[in-house]
Amino acid sequence: MRRSLLAIALSLVFTRAAIPAGTQSFDLVERGRYLSVLGDCGGCHTRPGGQPFAGGLTLNTPFGKLVTPNITPDQDTGIGHWSTEEFVSALREGRGHNGTRLYPAMPYPTYTRMTEDDVLALRSYFLTVAPVHNQVVSNQLPFPFNVRLSMLFWNAVNFTSGRFQPDEQKSAVWNRGAYIVQGPGHCVTCHTPKNFLGGDKADADLMGATLQGWFAPNLSADERIGIGRWSKDDLVQYLKTGANSWTLASGPMAEAVSHSTSQMTDSDLAAIATYLKERSGSTAANSTAVVEQDTMRAGGAIYKDNCAACHRDNGMGDSGLFPRLAGSPLVQSADPTTLVRVVLEGSRAVSTPGAPTAPAMPAFDWRLNDDQVAAVISYIRNAWGNSAPSLNTAAIKSARSSLAASP
Amino acid sequence: MRPEQDTLTFRNSMSQTALPIRHFASFLPGNGVGGAGVHWNGQTWRFLPTDFQLRTHLEQRYGKDMLPTDMTIQDWPLNYDELEPYYDRFEKLCGTSGKAGNLRGQQQPGGNPFEGWRSSEYPTPPLKQTYGPTLFAEAARKIGHSPFPQPASNLSQSYINPLGLKIGQCTYCGFCERFGCGNYSKSSPQVCVLPALMRLPNFTAQTESEVTRINLDSSGKRATGVTYIDTSGEEWEQPAQVVLVCAFALFNVRMLLLSGIGKAYDAQSGQGVVGRNYAYQTTSGVGVILKDKILNPFIATGAHGMMIDDYNGDNFDHGGLGFVGGGYMGAGQTNARPIQTRPVPSGTPKWGTRWKKATAETYQRAFSLSTHGSSYSYRDCYLDLDPTYKDRLGRPLLRMTFDFHDNELKMSAFLTDRLAEIAKAMDPVEITPSPRKGPYNINIYQTTHNTGGTVMGADPATSVVNRYCQSWDVHNVFVPGGASVFPQNHGYNPTDTVGALAYWTADAIKQRYLKNPGPLI
C-alpha cells in the first residue's frame, strides 16, 4: 500500500517536471508569498472584491487604459501554461509568454533588480494560488501605444536590465532597504518623476511624481518638501499602520499600505527606513515664496472657519486622526495636486490593524469657490513657518475640471 | 429619525384614544447605523448602588406604606458590584472624561462624593469648564454642596480605546445633541466601535434594512432568525443561532410584541410582561439671567458642566417629603444655537423691536440650570400594540400610555426649589424656575430616555428577560442592554448602564450560552 502511494507521488512529480525540484517546500512557497507582499502584486492583479491575482483592475496610464492580467495558474486565462523561464523573463526583462513584450506598468524596470532566488520563490508561490478562470484583455491602449513592439524602443531608452548590486560600504540593513526600495517594492514607479515616455527621469530618484490625479510625495532628505524631518520611527510607523504624527496614508498609498507595507516584517520596515533616511544627507529647508498679505488674511479666515476644528489653529492636527499641516512636506510640495484634490474631494485614510479608525476628510468643493480654495491652500502652504508658492484661481479651476473628467 | 418607519401612538391615560405622532419631539430615537448613539450628548453616568435594590431599599428605610400602591418599581436582578467591571469597560471604550469621586471606596476630592465605587479613574480628565458652569459651581460650593464635573464622552483629550480606535479632542462646537460628531471626538459607534468591527472578515452590516419580525420554530421556544425588508420592499430571511434585539428601547418592545415573544402586558389585569413598566425621565430647569457677565454660551459640548448629586436617588432623607426618587442637577451647556436660543427677561414682548433688543442684550448673560430626575414605573404606564393604527407594512403601531404621577411631580418641585436656591446665590437679575408639570406633553423636547417594556428581573411574572438579558421564553433571544430592560428609570442618563449591560450580556453569551445553549437560569 505504502509503495503504491509512493509510486503515485513519484509519478506526480515526474508529470510536473517543468517545475524546478523543491518548489513545493513550505519555506520556499512562504518566502514567495512574502515577496508577493513586498512586490504588492495583489495591489494591481487583484481587483477590489475580486479573486486573488485574477486580474481585471483597470489602470489609467497617461497613455491610455491597461487592464491587469490574470496571474493565477489557470491554464487558459492565467499563467498556468507559462514556463519558469517565461515567468523569470517577465519579471526581469518585460518579456512574457512566447516573448510577448509587457508594458512597464508592470514594474519590470525595478523587478529586474531582484535576485534569482527571490524570483524563483515568487514563481513557486504563484503556482500554489488558486487557479481562477478569468479572461482579461489587458491591452486597451490607443494606437500607436497598443503596438507592443513599441516597447522595444521604450526599453532601449528607459530600461536597464540587471540585478541589485549591494554597496559594500553600507550596512546589511541599509542594503536590505535599498534592495526592497529599488527592487520588489518598486517605490520609484510612483515616487520618481517620469520623462515624456513615462520612463524614470535620471537624477530625480524618488523626488516625487504625479500619477492618477495624486502627487506621490518627494522622498528625498529635503527638510521642507522631503522626509528630512521624519525620523526612522516615523517612517516605520507610517508604513506599518498608515498613520504617524505627521500624516495619514490615503489615495494610492493607502492601497500600498493596505496590501503591502502593513504586512511587511518589522525588520524590513526598519531597513526601508534606514535606506530612505541614509541614502543622502538631509538638506536644509529653503524657500523664498512670497504670498500677498491679503491672500494670507483671507486664507487664514477661511482656514479658521473650515479647517481649524480638526487641523487646529496651530496646524498641528491630531496624530492618527487629522494630518499635521505645519511643516508638512506634502503641503509645501512644488506640485500641489494632492493638496488641491483633498480639499476639493475629501479623502479617507487607510484602515490597518495598527490604526483601524480610517478617519475621513469631507469634500469642500460644494462649499468653497475657486478663489476661496486658492486662498486657503496658499495660506496653509505659508502659515506656521511653511513656505511654498501660492496658488491662483485658475489652478483650482483646472483641478476641478480634471477631477470631474477622471474622478 | 424617520416617523414613517418608527412612529407610535400616544395617550396620557388608559381612558383616552391614542393618536399617531407625526413628529418626534419629546424624545428623538435613532434610526440607522449607530442608532441614538449618533446624536447623543455624551453624558455618561452610572446608577447608584441603591438604585439596583430600589424597592427593597426604600421599603427597609421608609416602610412599605411610603410607596404609592400603583407604583411598580422593583429590584434589578443584579447589583452594582457585579456591574462595576462592565461600567469600567464601557467607559474605557468611550474614553469618558471625568473625575472619580470614589476609587475602590476611597473618597476622591473633586469627584462625585455620592457615586458608587469605581475600580479606576476615568480614562481621560474632565473637560475644561465654560464660564456658566464655573459660576454655578462657585455658588453651589458657597451654600455647602460639592459640585463636580459631569462625566462626558466628548473627550477632553485625544485617546486610543481598547479596540485601537482613535477618538479626538472635543472642540466645543455645541452640536452634539441632535447631530453626529464631525470630528471624531464624541464616542459614537461610528467612532469607537464600527471601524474595528468592519475589519473583521466575519462581520457584515446589512444597512438600509428593517427587521420586521423574529421568526420562531414550531415549538415557539427557539428563534430561527429574522425576516427583514430592504428599501425596495423586498423581504429577506436571515437565519440565526442567536438573535440580539438592539433596536432602541421602544422598538425592542414592539419587536417582541410583533414576534409573539413573551406575554403582552395587560394593564387592566396587571398580567403579562412585555410593555410593562415603561418609564421616562422627569426633567426641569431654572432659567438664569445674570448681570454684566459674558458667558459665550455657544462654546458648548454635549456633556461638560458642573453638577451636584446631593438630591439624587436616596442620597437625601425622603422622610416627610411625600415622594421618593431624585436626580442630579447643575449647569451644563449643550448648545446656544442662535435660531433656537433666544432667552429674554420675563415680560418681554414675543416679537418686534423690543424683543430683538432684549434678545441682543440677554443672549450673552443667560443660561439654564437643569435637574435630571428619576421616573419610577406605574401600573398604568406601559407600551402595547395600537388597536387601530398600522404602519406601511400593515403592522400595528406601538401605543404609549404615559403620564407623570404625583410622586414625580412632587420630586420635581422639590429638586427645582433646591436648584433655584443655588441660582439665587449666583446674584442673578432674574431666575425662572420651571418644575415639571403634568400632564406629560409629548410635543416638547425633554429627553430620549425611554426605558422599560422588556424589563430584566428575577421573576418571570414581572420581567421579560432574566439577569443576563435573555428572554425567559425564547432562550436564544437576548435584549442586551437596551434601556428597555430597566425596571424603572433612575435620576441619571441611561447610556452608561446600557453599555455596561451590553458587555455584561455579551460575556454571559460568550462564556456560558455558546458552550451550552439553553436558559441560563
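Predicted model: local features only at pLDDT ≥ 70, side-chain atom pairs only at ≥ 80, totals over all residues.
Local features need pLDDT of at least 70 and side-chain atom pairs count only at pLDDT 80 or more, while totals for chains, interfaces and linings use all residues. Residues are numbered from 1 along each chain as its sequence is written, and chains are lettered from A in the order in which they are written.

Start with helix 4 of chain A, residues 84–93. (Helices are DSSP runs of H or I, at least four residues, and strands are runs of E, at least two, both numbered from the N terminus.) Colour Phe87(A), Ser89(A), Ala90(A) and Leu91(A): they are buried, meaning 20 or more other C-beta atoms, placed from the backbone, within 10 Å of their own. The buried residues of this helix pack against helix 5 (108–111) and helix 6 (116–128) of chain A.

Next, pick the open three-stranded sheet in chain A, order 1-2-3, antiparallel. Its edges are strand 1 (58–61) and strand 3 (139–140), each pairing on one side only; pairing takes at least two DSSP bridges. Strand 2 (64–67) meets strand 3 over two bridges, and Lys65(A) stands opposite Gln140(A).

Now jump to Gln446(B), in the loop between strand 19 (428–434) and strand 20 (451–453) of chain B.

Notes. Buried ≥ 20, exposed ≤ 12 C-beta atoms within 10 Å, placed from the backbone. Contact = placed C-beta atoms within 7 Å.
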